Amino acid sequence: MLTKNIVILCIYGCLVSGCGSVERKDANFKEHSSSIISKDNKTSLHSVKNVLYAKYRKWQGVRYQLGGLSKNGIDCSGFVYVIYKSGLGIDLPRTTNLQSRVGKEINKNNLKTGDLIFFKTKNTLNHVGIYLENRKFIHASTTKGVTISRLDNIYWKSRYWKSIRI
């Protein structure tokens, strides 16, 4: 009985600690202080946008799974982690909490393609997505899986926390 209670407490702890709460040591993580748009303009906004839309088409509808990192299931920070690594060649930390601490905080009105957008969904839960364009962002939704949502949607607008440029 005691073992069952411990297991239940562990599962509950994972659920209340937020999207992408499965911590992983990021020994190889290098903080990026510059934008994903390179100074020599090899990576233009247009090409970043193309990469993000192409990655979205491959992941569209993949179900949400806390701690997931595959097409069998993925969480919001895992989706950001995978897209940045495989699509843009940038290593980010694995969790929403750590992702929210890298890069440079920017004003919501200055968003560019590829910026990270963070939301406070409940007291202890956070959510992250990647800005596309025209007030739209891609993310792994707990209800819709990998999808595109709008920042001006009443749900997301009321829960907006901050934006980060990597």
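Arg135 sits in the loop between β5 and β6, where strands (E, at least two residues) and helices (H or I, at least four) are DSSP runs numbered from the N terminus. Its phi is positive, about 70°, although Arg135 is not a glycine. At 27% relative accessibility, Arg135 counts as partly exposed; that label covers values between buried, under 20% relative accessible area, and exposed, over 50% (1.4 Å probe, protein chains only). Asn134 is found in the loop between β5 and β6 too, and has a positive phi of about 45° without being a glycine. Asn134 is exposed, with a relative accessible area of 52%.

The model is predicted, so local features need pLDDT of at least 70 and side-chain atom pairs count only at pLDDT 80 or more, while totals for chains, interfaces and linings use all residues. Residues are numbered from 1 along each chain as its sequence is written, and side-chain values use heavy atoms, with hydrogens and water left out.

Now for the sheet. It is open and has six strands in the order β3-β8-β4-β5-β6-β7, with antiparallel pairing; two strands pair if DSSP finds at least two bridges between them. At the edges are β3 (104-106) and β7, each pairing on one side only. From one strand to the next, the twist averages 35°. β3 and β8 (residues 160-165) run antiparallel and are joined by three bridges; Lys104 has Arg165 as its bridge partner in β8.

Ser163 also belongs to β8. Ser163 is buried, with a relative accessible area of 0%. Its contacts (heavy atoms within 4.5 Å) take in Lys104, Glu105, Ile106, Lys108, Leu111, Leu116 and Ile117, leaving aside residues up to four places away in sequence. Between the C-alpha atoms of Ser163 and Asp115 there are 6.8 Å, though 48 residues separate the two along the chain.

The buried residues of α2 are Val48, Leu52, Tyr53, Lys55, Tyr56 and Trp59. Seen down the helix axis, they fall within an arc of 165°, so they line one face of α2; the arc is that of the directions from the axis to the C-beta atoms. The cover over these residues includes β1 (69-70), β2 (73-74), α3, β5, β6 and β7 (145-150). On the other side of α2, His46, Arg57 and Lys58 are exposed. After α2 comes Gly61, with a positive phi near 85°.

What holds the nonpolar side chains? The largest nonpolar core has 29 residues, of which Tyr84 and Leu116 touch the most other members. A core here is a set of buried Ala, Val, Leu, Ile, Met, Phe, Trp, Tyr and Cys residues joined through side-chain atoms within 4.5 Å. α2 (45-59), α3 (76-88), β4 (116-120), β5 (126-133) and β6 (136-141) each supply at least two residues of this core, and α3 gives the largest share, eight residues. Among the residues that Leu116 touches are Val80, Tyr84, Leu92, Val128, Ile130 and Ile164. A second, separate core of eight residues includes Ile106, Tyr131, Leu151 and Trp156.

Methods:
Axes are lines fitted to C-alpha atoms, for helices over the stretch in contact, and angles run from 0 to 180 degrees between N-to-C directions.
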